Every structure is written in C-alpha cells, then in structure tokens.
Amino acid sequence: MDTKTKSARKTSRKKANDSAGAEARGVVIGDDGLARPPWAAVDAMLRAYYDTEWGMPVRDERGLFERLSLEAFQSGLSWATILRKRDAFRAAFCDFDPDTVALFDGAQVERLLADSGIIRNRAKILATVKNAVATVRLRQEGGLVQFIWSFQPASTPRPKTIDEIPTVSEESVALSKALREKGFSFVGPTTMHALMEATGIIDTHLLGSHRRGSSGVWSSA
C-alpha cells in the first residue's frame, strides 16, 4: 500500500471516529463539518432555522409575541409543521402586531378558521387574540419583553445529549403561572420552557454543538 493510500485511509478512519464520537455526545456532524442535534441535522428548513435563529435573544415585543403565539400553536404538533406555515401565520395575524391582533373580533376569528394556511384551532386562535390584549395591557408594567426575561435563571442547562435536555424548569413553571395571572392562555410550563429555549433566555444547545454559546447570553462552556 502506497503512502498516499495509507494517508487517505487514515483520514477516512479519523472522520468516521470523529463522527461516531460526536453522535455518542448527541450531536451529528453535517456534510459541512458542523455539529448539530439530530432534530436539526437532516431537514434543510430546520437546519437553517437552527443555524440562524433558534436560541438567539428576542428582545422586541412583536418578535416575542410572535414566538409566544407560535409556541402555543405548536402544542401537540411538531415544530416543523409550524415553521412551514410561519409566513401564512404572519399574514393571517398581521405580522403579529399586538395592537392589531388585540382588536380582532368574531368576524376575524371566522376568517382565521377558514384559512387553510394556518392551524385552524379555535381555542388557540382565541388564545392568541386574548394574549395580544394581555400584551398591550402589560405595557403598563414594563412590557412583555421585560416581564418574560425577568424569569431568566441564574444558570443554564449543560446537556451533552438530547435526553439530558429538560422540558420544564422551576423558572418555566413560575413564568407560566405569572403569565396566566396577567391574562394569558396556552402558556403551560412546557410551552414556556420551549419559548425560553428558542429566545435565548436559556441555552440548551448541546455542549458539542457549533451553536453552543452563540447567543451571547451564556458562555459556550
């Protein structure tokens, strides 16, 4: 066996070993050499979302209201389903402007129920309108962003595998309760934990992921 062939085989074995080791830690090495969790490693849409948006801080009212609303619609469904309908959701809910959505009446609700581009769930649609009203009202106490971010914990999870990522926390339970007291609906502890993950309030990127610590809120360690 010539030197060139030996070198190629050695490189191939190293890549295979690196990939196996990464998967043992819970991440998957993509064809671009970057490590991601399994849910973001295959589907191109989810991969792009993970690489550019998921886990990054959201500190504007409209953006946070949109995330809060989409997390509520996601309840019982896959996030991929919501993400594929995101543009339709934005169009249906006027780009998630709280002031506009808060004024939706019965006719608007019926319009939404007839919109095949979104999830046509009456309870979730009504909850989104109700949450818009609550968001507008919350401005008197500092606003939605300040309120939700006030539940940021002192530390964040350090998961090596998907199984080590919590789906609920003391903070998400407290946030859920506090939002309900302010008039919000479809804000259960698990849903709020997902919101906190998606908006950078906590960092649940796997330790081996190339996105760990990318939000600037938490270190990569």
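Helix α11 gives five residues to the lining of the largest pocket, the largest share of any element. In this predicted model, local features need pLDDT of at least 70 and side-chain atom pairs count only at pLDDT 80 or more, while totals for chains, interfaces and linings use all residues. Residues are numbered from 1 along each chain as its sequence is written, and side-chain values use heavy atoms, with hydrogens and water left out. Helices (H or I, at least four residues) and strands (E, at least two) are DSSP runs, numbered from the N terminus.

The volume of the largest pocket is about 560 Å³. Its lining holds 20 residues, and the closest to the pocket centre are Trp54, Gln74, Trp79, Ala194 and Glu197. Two or more lining residues come from each of α2, α3, α4 (79-84) and α11 (189-198). By residue type, the lining of this pocket divides into 10 nonpolar, eight polar and two charged; here Ala, Val, Leu, Ile, Met, Phe, Trp, Tyr, Cys and Pro count as nonpolar, Asp, Glu, Lys and Arg as charged, and the others, Gly among them, as polar.

How is such empty space found? Rolling a probe the size of a water molecule over the atoms shows where empty space is left. On a 1 Å grid over the protein atoms alone, a cavity is a set of points where a 1.4 Å probe fits but cannot get out, whereas a pocket is an open set with protein on both sides within 12 Å along at least five of seven lines; lining residues have an atom within 4 Å of a point. Grid points are joined across faces, edges and corners, and a volume is the space filled by probe spheres set on the points.

The structure also holds one cavity of 30 Å³ or more, and the space in the largest cavity is about 30 Å³. Which residues line the largest cavity? They are Pro37, Trp39, Tyr50, Trp54, Ile162, Ile165, Thr204, His205 and Leu206. Seven of these lining residues are nonpolar, two are polar and none is charged.

Aromatic rings are the next feature to look at. A pair of aromatic rings is described by the distance of the centres and the angle of the planes. Rings of Phe, Tyr and Trp (its six-membered ring) pair if their centres lie within 6.5 Å, and planes under 30 degrees apart count as stacked, over 60 as edge-to-face and the rest as tilted. This rule gives 11 aromatic pairs. Tyr50 and Trp54 are stacked because their ring centres are 5.8 Å apart and their planes meet at 25°. Tyr50 is buried, since its relative accessibility is 0%, and Trp54 is buried too, at 11%; buried means under 20% relative accessible area, exposed over 50%, and partly exposed in between (1.4 Å probe, protein chains only). Elsewhere, ring pairs join Phe65, Phe73, Phe89, Phe93, Phe96 and Phe104 into a cluster. Arg59 lies over the face of Trp149, 3.7 Å from the ring centre (a charge sits over a ring if NZ of Lys or CZ of Arg is within 6 Å of the ring centre and within 35 degrees of the ring normal).

Side chains of opposite charge can pair when their charged atoms come close. A salt bridge is a side-chain nitrogen of Lys or Arg within 4 Å of a carboxyl oxygen of Asp or Glu, and the count by this rule comes to 16. In one of them, the closest N and O atoms of Asp32 and Arg47 are 2.9 Å apart. This pair links distant parts of the chain, with Asp32 in the loop between β1 (28-29) and β2 (35-36) and Arg47 in helix α2 (residues 44-52), 15 residues apart. Asp32 is partly exposed, at 37% relative accessible area.

Arg86 and Glu53 form another salt bridge, at 2.7 Å from N to O. Arg86 belongs to helix α5 (residues 86-92) and Glu53 to the loop between α2 and α3 (61-74), 33 residues apart. Arg86 is buried, with a relative accessible area of 8%. A salt bridge at 3.9 Å, N to O, joins Asp95 and Arg62. Salt bridges that share partners connect Glu53, Arg62, Glu66, Arg67, Arg86, Arg90 and Asp95 in one network.

As a whole, the protein has 11 helices and two strands, and 43% of its 221 residues count as buried.
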